[in-house]
Each structure stands twice: as structure tokens, then as C-alpha cells.
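Let's take a walk through this one together. Have a look at the sequence and the 3D view, and then we'll go piece by piece.

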Amino acid sequence: MKRAIFLSVLIAVGCSATAPKAQTLKAVKDRGSLICGVSQGLPGFSNPDDKGKWTGFDVDFCRAIAAAVLNDATKVKFTPLSAKDRFEPLKIGEIDVLSRNTTWTLSRDVAYGNFAGVTYYDGQGFMVRKALKVNSALELNGASICTQTGTTTELNLADYFRANNMKYEVIAFGTADETVKAYESGRCDAFTTDVSQLYAEKLKLTNANDHVILPEIISKEPLGPLVRHGDDQWFDIVKWTHFAMLNAEELGISSKTVDEALKSNQPEIKRLLGVEGNFGEQLGLDRDWVVRIVKQVGNYGEVFDRNVGVGSNLGISRGLNRLWTKGGIQYAPPVR
Amino acid sequence: MSSPGAAPAPPVPLRNDPRARALFYQIVLLALILWLGFEFARNARANLATQGIGSGFGFLANTAGFGVNQSLIPYNESDSYGRIFLVGLLNTLLVSCLGIVLATVLGFFIGIARLSPNRPLARLAGGYVELMRNLPLLFHILFWYLAVLGTLPSPRQSISLLGEIFLNNRGLILPAPIAGEGAGPAVDTLIAGCLASIGLKIWAKRRQNRIGEQFPVLWCSLVLILGVPFLVLAATGFPVAFEQPQLRGFNFVGGIRLIPELLALLTALSLYTAAFIAEIVRAGVLAVPRGQAEAAFALGLRRKLALRLVIVPQALRVIVPPLTNQYLNLTKNSSLAIAIGYPDLFAVFAGTTLNQTGQAIEIIAITMGVYLSLSLLTSAVMNWYNAWIGRAERR
């Protein structure tokens with residue numbers, strides 16, 4: 001699998017005369033489906049259920065794009081990718097968008113594509129066994145720590161321990177499942193990754209209550225969808241799908257109230273829902289693109305609560321991901 | 001219909017001349033290959049340029065910034081990607097070399113055991129081979145890592161041997177010898193003892209060829225390698241201390257620790273490859289004509305001596321070439337290390353480093369180059385060894 005991907009990278013980079021550039025929108029429309037890179041199974045973010053249907057926060061974002069572009073939130077093909085091998089398929093055009101709890105960093109922005117905004121403000125934390133009686137990450141001097149290879153977590157971990165002059169042993173695994181198994185077997189004292197993921201993985205442990213997530217957040221992890229360089233139209237569509245969901249929440253438009261909102265007199269709502277103006281057309285879509293997103297998938301708040309928030313078994317509080325009007329930092333530019 | 005005496009046959013048209021045709025096709029093929037190579041390079045350059053990826057090997061000097069759990073050379077997070085490449089390479093070499101030695105020894109014993117006249121032993125060896133080689137290697141690795149080493153107790157409940165050696169789910173912890181002041185002469189005599197033993201072996205062999213008498217090489221070598229350095233140590237008042245591992249905080253501090261990732265990978269690779277080597281050894285021994293064994297027994301050699309002096313030397317000719325394949329397989333299979341977090345070349349370089357730098361072409365090229373060189377080097381050594389035993393036989 002690993003080798004297959006690397007080989008395909010080499011072949012694609014070396015041989016393909018038509019590296020995928022612009023025209024992602026056209027390709028998606030012609031194909032009739034969106035191909036979306038997601039995780040290999042992270043409850044709350046992207047996880048197949050027992051019937052093979054994908055659900056989660058990152059998955060819903062793909063569905064929102066499909067609703068906007070194809071008028072059908074179900075027309076998405078999901079490609080599960082490991083943390084290590086997630087970027088190459090996007091680069092060579094095997095997927096249209098990577099919606100896979102990926103941290104926005106400078107080098108990734110330069111090397112792999114454009115980040116279309118921050119859908120989830122996350123940070124890295126630690127999970128330990130309660131039996132260790134550790135209350136702070138600063139008490140982890142000399143600990144063995146499990147993490148997943150090919151992630152920014154590896155680097156943050158190294159920085160944090162170096163900055164605090166503590167010793168540690170890192171064991172880096174190829175996939176999240178292997179990492180969690182090793183943590184559960186007792187190979188490591190702590191498991192580190194983004195806090196949202198810690199909550200999700202905690203649910204998978206046999207005795208979830210024997211484990212605790214430490215209060216320290218050691219890094220900024222802005223997670224967002226990634227698109228290829230060189231296709232500005234597609235970049236705009238993905239970016240504004242996120243903004244549309246935020247604006248909808250801000251204006252109080254949800255999947256239940258959207259039909260009502262179409263009759264609203266408020267100019268902002270009229271513009272967002274395409275009653276006034278041609279903003280959808282400017283993006284290369286049509287007028288009621290936001291109506292479709294909200295009706296078929298929901299606004300930002302609905303998607304958050306349903307998948308990771310209070311309405312889910314993860315029960316993560318909105319925190320930084322509240323709207324700017326409610327003390328968070330989720331903020332969308334206006335539709336004008 | 002040509003008849004004898006007629007004018008010489010008209011010259012063959014160029015397109016029907018086999019030599020011209022062969023030349024033509026070879027030129028076309030060569031041009032095609034050159035064109036493909038050129039196109040590949042041109043495309044790669046153009047595509048990299050459009051994606052804004054710089055090329056070149058400058059990234060090797062950049063700071064890596066991540067830690068590893070096993071390094072044979074001093075390494076910390078502020079070292080470069082070039083350094084991490086060396087760390088990974090040495091880890092790959094470590095597990096491959098140890099694996100090759102263990103798999104060969106074990107494989108030889110099992111292969112011979114399978115041919116033993118002792119029925120239960122032969123069956124046992126046969127069962128081992130079938131069980132090991134019919135399960136996927138990844139399964140072996142995960143089995144040893146999660147099902148065996150993973151169930152060991154935590155550091156606080158370590159299994160202790162003699163109060164000095166500890167075994168827990170963080171690995172096998174041994175006391176570390178620390179050479180104190182004045183340990184130099186002992187080390188020197190140890191090295192001298194090893195060299196002298198090799199010389200002694202060659203001398204004894206020549207002497208036996210000349211006058212037919214055996215020389216107790218084994219005992220003399222033991223004295224040279226173990227006895228003399230021990231005496232020197234005793235004479236200098238044992239200037240070697242042992243650093244005892246201490247349980248402090250989460251784990252033992254001090255001593256030498258063999259991480260479970262290494263132990264699991266090494267065990268799995270050795271046991272798995274040993275099954276294949278056993279079959280190769282069995283085939284090699286069976287390939288020696290029955291008459292050779294019968295002749296050896298007729299001369300009064302016991303089974304052990306007949307094997308060592310008559311059968312194995314001849315079997316080696318058949319054994320060595322496929323054995324080389326197994327060595328190459330073992331080295332390449334060591335890249336499965338990433339499944340259990342052993343920091344081999346593939347995991348730290350073609351994995352983490354590639355992911356962090358995005359220099360796919362360079363890193364994959366280097367990694368391919370390394371595995372290719374390792375394989376070619378192994379082949380070269382084994383071919384040389386094969387030629388050497390062939391020559392020794394003719395003499």
C-alpha cells in the first residue's frame with residue numbers, strides 16, 4: 001500500500017503529461033461525484049459505520065461541497081488515507097479535496113496545496129492512565145510516549161520536551177490504530193495527538209474511564225481542508241463552503257429553518273441564500289448553493305454538535321470553535 | 001527456383017538482411033529508452049516547478065526536529081535530516097545483520113533436524129517450517145510485539161533475573177559495562193586474542209594437511225579470547241564497573257535497554273526467515289548424492305562428522321545461491337518495522353522525513369538507492385563466498 005502510493009507518485013510526477021491543474025470543478029461535475037480524502041477511521045471526524053456509510057465532521061464537510069457542486073450530498077466517494085500517505089494522492093489528482101483533520105502549517109501550505117480555511121481549531125494534548133496519578137504534562141519527564149508518524153505531533157512533542165528540559169522516549173507508528181494498540185498494551189505511558197482525536201480514540205479503549213486527558217495544550221493545530229495548488233476556482237468553492245456554513249449559523253439559518261429563511265426580508269440572508277445577487281454564479285455554481293448545503297448537511301453549528309459536540313458521544317465543547325459573536329474565533333467574511 | 005551455375009543470387013534487400021535488421025531494432029530500442037528517460041526527467045522537472053516544489057538535496061542539512069526511540073549514534077532533535085538518515089540506515093543494518101545471523105544458525109539446525117533419523121525431532125522441525133512460512137510476516141511481527149512483548153508487566157512489576165537484568169513492556173534492560181581507567185590493555189589483548197585465534201586456525205589447518213595431526217584449536221582459542229584478557233583484567237584490578245539500571249519515575253534509568261520494537265522485529269524476521277533457510281538447507285543436503293554419505297559412514301565417520309566434513313561442504317554449493325535470496329528478503333522485509341514503531345530507514349526517512357519535507361523524488365531515490373546497494377552488496381559478498389567454497393573444493 002505504502003509502496004504502491006510512492007510508486008504511483010513517482011510515475012505520476014514523472015510520466016503524467018497532464019498534471020491536474022485547473023478544472024477540478026469541471027472534472028467533479030463530469031464525473032458526477034466528489035472524491036474526498038478522509039482518515040482511516042476517527043470517530044467524530046471521519047468514520048465508516050457498520051453499514052459502510054461514512055459519517056463525521058470532516059465527512060460532512062465533503063458532503064457540503066457535494067451538495068453545493070452536485071446538488072446531492074450523497075455523491076461523495078471517500079478515500080481513506082493514513083496520516084503518512086495523505087498528501088500525495090491530492091497532489092497527483094487522485095482526490096479532489098483532503099478533508100482529514102490536517103494541521104495547517106507553513107511547509108505544508110507551500111509543499112502540498114492550499115488550506116481552504118480552518119474548520120476546526122484544535123491543539124495537541126496527552127492522554128494517560130489514571131493509575132499513573134499524573135495531573136500535568138510537566139510531570140511526564142522520562143515517560144515513553146506513543147504517537148503517529150508523519151504528523152506535526154511528532155515535532156510538537158519534541159519541542160515541548162526540549163523546551164521544558166525533560167527526557168522522553170517516542171515510539172512512532174504508521175497508523176492511528178497501531179498507536180492506540182501500543183498505548184493500550186502499556187508500551188507507552190502517554191498517547192499524544194490532537195485533543196479532538198484523543199477524545200475520539202478514548203472511546204475506542206476497552207476501559208475508557210481508566211484514562212484521562214491532561215489539561216495542557218502544547219500546540220496550535222488549526223485543522224482544515226486542503227486543495228491542490230493552481231486551481232483558484234476550486235480553492236474558492238471549498239473555502240466558501242466553509243464560510244457559507246458559518247454565515248448560515250451566524251444568521252440563524254439551520255436545516256430546519258432554511259425554507260422559512262428564504263422568505264426573510266433581511267438583505268444579508270437574501271444574499272446568502274441567493275434570493276438577491278448572483279454570488280453562487282460568481283463561484284461557478286448556481287444561486288441556491290447555500291440553500292442546498294444547509295438543507296442537506298446543515299450549518300456549521302449543526303455539523304459540529306451532531307458529530308463531535310454535545311449531541312455526539314464525544315461531547316467536546318465548542319471552545320475556540322464558537323462563532324466570533326459568541327466568544328470563539330470562527331469568523332467568516334461577508335457574502336457581498 | 002535457382003539452379004546450380006546460375007548467376008549469384010541478387011543482393012538481399014537491406015530490410016531482409018538479419019544483421020541490418022537487428023542493428024535497426026537495437027537503435028530504435030535505444031532511442032526509445034533514451035527518449036523515455038528524457039521525457040521522465042523533463043516531466044518531473046516541469047511538474048515539480050508547477051507545484052512549486054524545490055528539488056535538490058539541500059533539505060538534508062535542515063533540522064529534523066523529531067525524536068527517535070533508538071539510535072546507534074548520538075542524535076537529538078536539533079540534528080539534521082542527513083543525520084536522521086544515518087540513524088535510520090544504521091537501525092536497518094542492525095536488525096538485518098542480527099536477523100541474518102540468527103536466521104542462518106536457526107535455519108541450519110532446523111534444516112538438519114528435519115532430515116534427522118529421529119522421527120519426533122524431524123516431525124517437530126517439519127511442523128515448525130510449515131507453521132512459520134505459511135503465516136504472513138506482518139502477522140509474526142504483530143504477534144511478537146502485541147501478543148508476547150506487549151503482555152509483559154509494566155516497569156514497576158518487571159521480571160527480574162538475578163536482580164541485574166530486567167524484562168518489562170519497555171524492553172530488556174541490562175547492566176552497562178563502563179570501562180574505567182586502565183581497561184585499555186584488556187581490550188587490546190581481547191582484540192589480539194581474536195586475531196591470534198584466526199591465525200591459529202589457519203596454521204592448524206595447514207599443519208593437519210601436512211602431517212595429518214589435529215591441533216586443539218577450540219581450547220587454545222578460548223584461552224586466547226577469554227582467558228588472557230581476564231588475567232589482564234585481574235592483574236590491573238578489574239577496572240570495569242557495571243552501571244546498574246535504576247527504576248526511577250516511569251522507567252529504568254541507566255544500563256543498556258533493548259527496546260521491544262527491536263526484539264519483536266528481530267524475533268519475527270529471524271523465525272520467519274529461518275523456516276525458508278531450513279528448507280534450503282534440507283534441499284542442499286538432499287542434493288548431495290547418497291553415495292557420499294554412505295562412503296563417509298563406511299569410512300567410520302559418525303553422523304555428526306560425516307555431516308560436517310563430507311555432506312555440508314558439498315551441500316553448500318546448492319545452498320548458497322538461494323540463501324542469498326533469503327538474506328535479501330530479510331533486509332527488505334525489515335521495512336515492515338513501521339508497523340510497530342521501530343525507527344528503521346523506511347520509517348524515519350521515507351516516512352517522517354518525506355512527510356515533513358515533501359521531497360518525494362529525492363527521498364524515494366535515496367531510499368531505493370540504499371536498499372539496492374544493500375542488496376547488491378549482499379549478493380556480491382555471497383557470490384564471492386560461493387566462488388570461494390567452489391575453489392576450496394577443487395583444491
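Start inside chain A, where 16 residues of domain 1 are in contact with 14 residues of domain 2; "in contact" means that their C-beta atoms, placed from the backbone, lie within 7 Å. On the domain 1 side of that meeting place you'll find eight nonpolar, seven polar and one charged residues. Here Ala, Val, Leu, Ile, Met, Phe, Trp, Tyr, Cys and Pro count as nonpolar, Asp, Glu, Lys and Arg as charged, and the others, Gly among them, as polar. Domain 1 of chain A covers 2–121 + 223–326 and domain 2 covers 124–219, with bounds from an automatic or database domain assignment.

A quick word on what you're looking at: this is a predicted model, where local features need pLDDT of at least 70, side-chain atom pairs count only at pLDDT 80 or more, and totals for chains, interfaces and linings use all residues. Residues are numbered from 1 along each chain as its sequence is written, while chains are lettered from A and ligands numbered from 1 in the order in which they are written.

Now for the two chains: their contact takes 39 residues from chain A and 34 residues from chain B. On the chain A side, α1(A) gives the largest share, six residues. Helices like this are DSSP runs (H or I, at least four residues), strands are too (E, at least two), and both are numbered from the N terminus. By class, that side of chain A has 18 nonpolar, 11 polar and 10 charged residues.
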